[in-house]
Amino acid sequence: GDKDKDLSQFLGILRDRNINHYNISFEELMGITKNLVCENDILRNQAWEVSFFVRELMDSNISTDRYFEELFLMLRKVGLNNLFLFVHRSSLFYGTDSLSSNKKHMYFAGGFDKNGVIVVPNNEWRNYLVSRHKGFSKYLPDGAGNYHSYVLFSGNDQYGLMLCRADMYDNQFLLFISLQISNLLHFLQIKRKEEEARKEIELSMERVKESNQILSFISRYDELTNILNRRGFMEQVLASIQRRKGKEAVIMFGDLDHLKEINDCFGHADGDFAIITASKLLTGIIPRDGFCARIGGDEFVAFIPVPNDITAEDEIEKIRTKLKEAMFVFNLTCEKPYFVEMSAGFHSFVCEENMDLMKNFMTLGTCISTLLRGAFPIHHKNRKNPLTIVPPAPLLYGNTCYRNLIRFQEISFCIKPAEFPP
């Protein structure tokens, strides 16, 4: 080709200028030329081998430390005796990054010589800072010698420096090596940025998930009692009905008695205490696969699945008894000057697919008022006279009944706790 033609012209010029003047024969010159061509072929093959290896290295899914280790081992195989890398933690952008910036700091990343390969883990680079006091020599092997230095760059990004002790005729090959290492460092920076972006996206998704969970909790749960609200209850009932097609279930509607009187006489803090207590008592007697909700100021509702081995009437009686006992025990031991009582009604039904709760039960408010006038009251006495609070069974409390028995003679009069009979 053209190279052979140029070589022939060069040899012709040498022949015409009497090469014997340099005490070298034409045959010797041809031998030198063949050696140069052979060395050039070897260099080109090594360059291709390094290029192919770096490309494969980029395709592998290994850690940053392994990238450098594999690279150093490969360069030793192609004949290099030593090589040392000093890199920036993040690349410098030529022309914009100030030399006074912390980004200028350079760290010893590893290298190799006749004694072996050393790789500094990425998380330990800060311990291998190139300082002004000792510079690069701190990390280079002892002994005299000159090092070739090659700036590692890609485009306008500078990644560090490569130092290598070698002969001048290796300069072309070392320059090619430095370009390949620059490509690898550029790839590692892109990979690191992608990993940081992925982690940031995962963190953002986790934050969004947490925020959605909080919003979902706020939208589905009652703030005061931490049980379901009306919306949460309706959503959960619909899901439970779909899972229990053809099976019986019970809806219980409860009304906390005399909440207004408790608020008026003892304050809203005690009113909140009564509401929270009612929710805890109700939650405590509901089966594990059931759930309850607060759907109004003093109104509660519960969904109670009926086990296969009993009837709905038996389940209603069991829940009614448990709730009555729970309130009895609480009021017997509580030192508050009032009872926490609840009136309740029950409605049993069979779960059906695509069941319209609103149509089946009318509205929750209607159900409550209807069922509380129904056949399963726990305690529902003197509701027409809201100014009178009567314990469900005062005689069972012994002498303590006077503490809890509060009667209003008129709306502006209330017996204070200090005035209770002993």
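**Burial and helix packing in a predicted model**

Of the 422 residues of the protein, 38% count as buried, a term that stands for under 20% relative accessible area with a 1.4 Å probe and protein chains only, whereas exposed means over 50% and partly exposed lies in between. The model is predicted, so local features need pLDDT of at least 70 and side-chain atom pairs count only at pLDDT 80 or more, while totals for chains, interfaces and linings use all residues. Residues are numbered from 1 along each chain as its sequence is written, and side-chain values use heavy atoms, with hydrogens and water left out.

The protein contains 11 helices and nine strands; these are DSSP runs numbered from the N terminus, with helices being H or I of at least four residues and strands being E of at least two. Contact is taken as heavy atoms within 4.5 Å. Among contacts between residues at least 6 apart in sequence, 66% join residues at least 24 apart.

Two strand residues may be considered next. His-88 belongs to strand β1, residues 83-93, and is buried at a relative accessible area of 7%. A polar atom of the His-88 side chain lies 3.1 Å from the backbone oxygen of His-105. Ser-154 is located in strand β4, residues 148-154, and also counts as buried, at 18% relative accessibility. When neighbours within four places in sequence are set aside, Ser-154 is in contact with Tyr-159 and His-186.

A further serine lies in a helix. Ser-240 is part of helix α5, residues 230-243, and is buried, with a relative accessible area of 3%. Not counting residues up to four places away in sequence, Ser-240 touches Phe-291 and Phe-303. Ser-240 and Cys-351 are 111 residues apart in sequence, yet their C-alpha atoms are 8.7 Å apart in space.

After α6 comes Gly-267, whose phi is positive, near 100°. The axes of α6 and α7 come within 7 Å and cross at roughly 145°; axes are lines fitted to C-alpha atoms, for helices over the stretch in contact, and angles run from 0 to 180 degrees between N-to-C directions. On the α6 side, Leu-259, Ile-262, Asn-263 and Phe-266 meet His-268, Asp-270, Gly-271, Ala-274 and Ile-275 of α7. The residues of this contact divide into five nonpolar, three polar and one charged, where Ala, Val, Leu, Ile, Met, Phe, Trp, Tyr, Cys and Pro count as nonpolar, Asp, Glu, Lys and Arg as charged, and the others, Gly among them, as polar.

Helix α7 (residues 268-285) also meets helix α8 (residues 312-333): their axes come within 9 Å and cross at roughly 135°. Therefore α7 is oblique to α8, since angles under 35 degrees count as roughly parallel, over 145 as roughly antiparallel, 65 to 115 as roughly perpendicular and the rest as oblique. The contact is made by Phe-273, Thr-277, Leu-281, Leu-282 and Ile-285 of α7, together with Ile-319, Lys-322, Leu-323, Ala-326, Met-327 and Phe-330 of α8. By class, this contact of α7 with α8 has nine nonpolar, one polar and one charged residues.

How values were computed:
A polar contact is a pair of N or O atoms within 3.5 Å; within protein, one must be able to donate a hydrogen and the other to accept it, and residues adjacent in sequence count only if both atoms are side-chain atoms.
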